[in-house]
Amino acid sequence: MNMDVESVTAELYAVRPSEFTSARDAYVAKARKAGDRELAAAIAALRKPTVAVWTAGLLARGRPEEARQLLLLGEALRTAHRTLDAGQLRKLSHDQHLVIGRLARTARSLAAEFDQTVSEPVLSEVERILHAVLADPEVAERWAGGRLVRSPDPASGFTGLEPQPGAAPPRRKESAPPEPAGPATRRTPAPGTDGGAEQTRRQRIEAAREELSEARAEADRLSTEEAAAQELADGAEAAVRSAVARLEEARAASAAAAAGLRTAGQAAAKARKRADVAARKAEKLTGSEA
């Protein structure tokens, strides 16, 4: 059997989450039948994706060109953060919100083609995943390769991307020489000076990052709850299908039993009729002998 983990993974993560477990188990059975226990164990270890992760993955599989543009945007954003290019950051940050909103709606449309409903909370989680694709190159690689199964951990935007040496924005020439930087003479830059404006900007960035981190943590919590609810829904759906199958089997058995009962009744009636005829014949023969 020509089958490997990569090809199976690609096929499994392309099916609806509600169909994942049964499809995975079928592949495990095939691998075991072929005598490849290692492959069977590797396939059995594949984790079921959440609806949000699966929906986000539809973009990488179904819209490769748009996925490539998103990856390029992420590279540009990370470069702008490292070089502290304020103008480029403003432009790219504006672009990312437009791109992610459009791609999330595209992903929802792709999911609808699979008869998979994407609720507003799930759509918000899809947007968060796409933000993580922009910010984290490892997440971007797993997403583009179809190997993303769970939502990335909450992160504070592009934190961890240290500016390159010499990347700090140049300061304007001051009218007076700067004071010595010793402990006794160092002072906090006054608001309105270049240093004060830079400090205020950094404080605002840090506050925005903290707010983003809290929002992502809340989104991750809601995603976990959504995944748990999805698991319950899938289990309930499977139980309903099993109950319906058993009911159909019971109905078929009942119909067969009823048919058998009718046949047995008809046979018994014929037997009784034959017995009555034989009895009458015996009675006539007995009477003639007397």
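Reply:
**Helix packing, step by step**

The helices α1 and α2 cross in a right-handed way; a crossing is right-handed if the near helix is turned clockwise from the far one by less than a right angle, and left-handed if anticlockwise. Before going on, please note that this is a predicted model, where local features need pLDDT of at least 70 and side-chain atom pairs count only at pLDDT 80 or more, while totals for chains, interfaces and linings use all residues. Residues are numbered from 1 along each chain as its sequence is written, and side-chain values use heavy atoms, leaving out hydrogens and water.

Here is the wider setting. The protein has nine helices and zero strands; these are DSSP runs, numbered from the N terminus (helices are H or I, at least four residues; strands are E, at least two). Of its 290 residues, 29% count as buried, meaning under 20% relative accessible area, with exposed being over 50% and partly exposed in between (1.4 Å probe, protein chains only).

Now back to our pair. Two packed helices are described by the angle between their axes and the distance between the axes. For α1 and α2, the angle is about 155° and the axes are 10 Å apart. Axes here are lines fitted to C-alpha atoms, for helices over the stretch in contact, and angles run from 0 to 180 degrees between N-to-C directions. The two helices are therefore roughly antiparallel to each other, a label for angles over 145 degrees; under 35 is roughly parallel, 65 to 115 roughly perpendicular and the rest oblique. In this pair, V8, E11 and L12 of α1 touch F20, A23, R24 and Y27 of α2, where contact means heavy atoms within 4.5 Å. That contact holds five nonpolar, no polar and two charged residues. Ala, Val, Leu, Ile, Met, Phe, Trp, Tyr, Cys and Pro count as nonpolar, Asp, Glu, Lys and Arg as charged, and the others, Gly among them, as polar.

Helix α2 also packs on α3: their axes come within 8 Å and cross at roughly 170°. That makes α2 roughly antiparallel to α3. From α2, the residues R24, Y27, V28, A31 and R32 take part, and from α3, L39, A40, I43 and A44. Sorted by class, this contact has seven nonpolar, no polar and two charged residues.

What does α3 itself look like? Within α3 (residues 37-44), L39, A40 and I43 are the buried residues. Viewed down the axis of α3, they fall within an arc of 100°, so they line one face of the helix; the arc is that of the directions from the helix axis to the C-beta atoms. An α-helix has 3.6 residues a turn, so residues three or four places apart point the same way. R37 and E38 are exposed on the other side of α3, while what covers its buried residues includes α1 (5-12) and α2 (17-33).

Helix α4 (residues 51-62) and helix α7 (residues 120-135) pack at about 55°, with axes 9 Å apart. That makes α4 oblique to α7, and their crossing is right-handed. The contact uses V51, A52, V53, T55, A56 and L59 of α4 together with V122, E125, V126, I129 and L130 of α7. Those residues divide into nine nonpolar, one polar and one charged.
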